[in-house]
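Please keep the sequence and the 3D view at hand while reading.

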Amino acid sequence: MTRSCGRLRRGAVTAVAVGALAVPIGGGTAFGAPSLAPTTAATGTEPPSPSPSATDGFVTLTPEVKQQVDDAVQQVMSEANVPGVTVGIWTPDQGTHVKSFGVADKSDGRKMSPDLFMRIGSETKTFTVTALLKLVDEGKVGLDDTIDQYVDDVPNGDKITLRQLAGMRSGLFNYSQDPDFFKALTSDPQDPFTPQELLAYSFKHPVLFAPGAEFYYCNTNLILLGLVVEQAGDQPLNDYIEENVLEPAGMDDTVFPTDATFPNPHAQGYTDQTADGKVADSADWDPSWAWAAGAMISTLEDLRLWAPTVATGVLPDGTTLISPATQKQRLTTPPTTIPGAGYGLGIFNVQGWIGHNGSLPGYESLTIYLPSAQATIVVLLNTDINYKNTEPSTLFGDAITKIVSPEHIFNLPAQNAAH
């Protein structure tokens, strides 16, 4: 569960890690990916088997534990200067805790609340890859198909497979790390991008390594997979995801926007990934620059539904969203450069927590599921400004899991989204 899109760094071309949708400001991932350097591919690990004990590794959410969580969240907010955050923790029999802290809008002091719509950055990757896996189950695409069967003029396109794209092992350059892309985005954040424009920023760079040789978190991969879903699914990506993923999951308040429209009520987002480096409100930025890698919007309650669904392939009503065989492939998570963290097909496994984080200018998120305890944690906040080179969503994940699941601490470093 790394960052969502990656941090955008000006003039820097840095390897991005999982989960972030960052803009090319200074290194990092775009859309909430961890700051991971490329790492040599390793033998895949099988997905973990749930423990017989539904409470394995997770403490009971007593009033005392809830207070510890609140104190830890407020400590992170104070240290990292986070305006507002909402935290949700759910278990089948160890209790539930949902609480918001701080403000959704610094200009008028409007309070953060659990019902707000939030941009979720790289968590979008879990939906795009789920759409791909639906098409795999339907026999319309194969994970070992090469991308040149669907998209022309991709460097090494006759060698890069859809599996390698979903697993961040394509070797393609991350478009959101390109300085010209960052300049274009921050010059006019309301200006839309097409998928083809995003790919052009990537394809002007040489490939970084042979397909499958290393791990490198890259938003370019997801733009290509979005185009595959559109072609094989025979409809726009946002429509395919809505009809085949969101509706079956009962996620009525999750949207894949096609412009800068932001449902109300929503939190304002605060970022320093700007042309002049000054903090700005990014709520009205057009998210098309992230598209299949990080454009989606959701709510706390919808992400509560999504966490076990994406981690198990089973819908809330008990029916199957992704076949067990295909889900097993998704959850085979070869290691990354971060000890204890692996990345499968558009999904992380960090110390047993399965899911993804997201980050794009102004917003960060974290949605993770612990199979051994059937526990879910969702964190939503309205800033992506790093604290001591660490994304605030990771700080919250680490602080909360140290209390509720001390044997499974979510300690994934991440970078911001625009890069």
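## Strand β5 and its two faces

From β5, the residues G84, T86, G88 and W90 point one way, while V85, V87 and I89 point the other way, and all of them are buried, where buried means under 20% relative accessible area, exposed means over 50%, and partly exposed lies in between (1.4 Å probe, protein chains only). In a regular strand the side chains alternate between the two faces of the sheet. The strand covers residues 84–90 and is mostly covered, with seven of its seven residues buried; helices (H or I, at least four residues) and strands (E, at least two) are DSSP runs, numbered from the N terminus.

The model is predicted, and local features need pLDDT of at least 70, side-chain atom pairs count only at pLDDT 80 or more, and totals for chains, interfaces and linings use all residues. Residues are numbered from 1 along each chain as its sequence is written, and side-chain values use heavy atoms, with hydrogens and water left out.

## Partners of β5

Strand β6 (residues 96–105) pairs with β5 in the antiparallel sense over seven bridges, two strands being counted as paired if DSSP finds at least two bridges between them. Within this pairing, T86 has S100 of β6 as its bridge partner. The two strands form a hairpin with five residues between them, and G95 in the turn has a positive phi of about 110°.

β5 also runs antiparallel to β17, to which six bridges join it, and there I89 stands opposite I377.

Strand β15 (residues 353–360) pairs with β16 in the antiparallel sense over seven bridges, and G358 has S365 as its bridge partner in β16. Their hairpin has two residues between the strands, and in it G362 takes a positive phi near 100°. β16 also pairs with β17 (residues 375–381), again in the antiparallel sense over seven bridges, with I377 of β17 as the bridge partner of I368. In the hairpin of β16 and β17, which has four residues between the strands, Q374 takes a positive phi near 50°.

## A residue of helix α7

E242 lies in helix α7 (residues 237–249), and this residue is partly exposed, with a relative accessible area of 41%.
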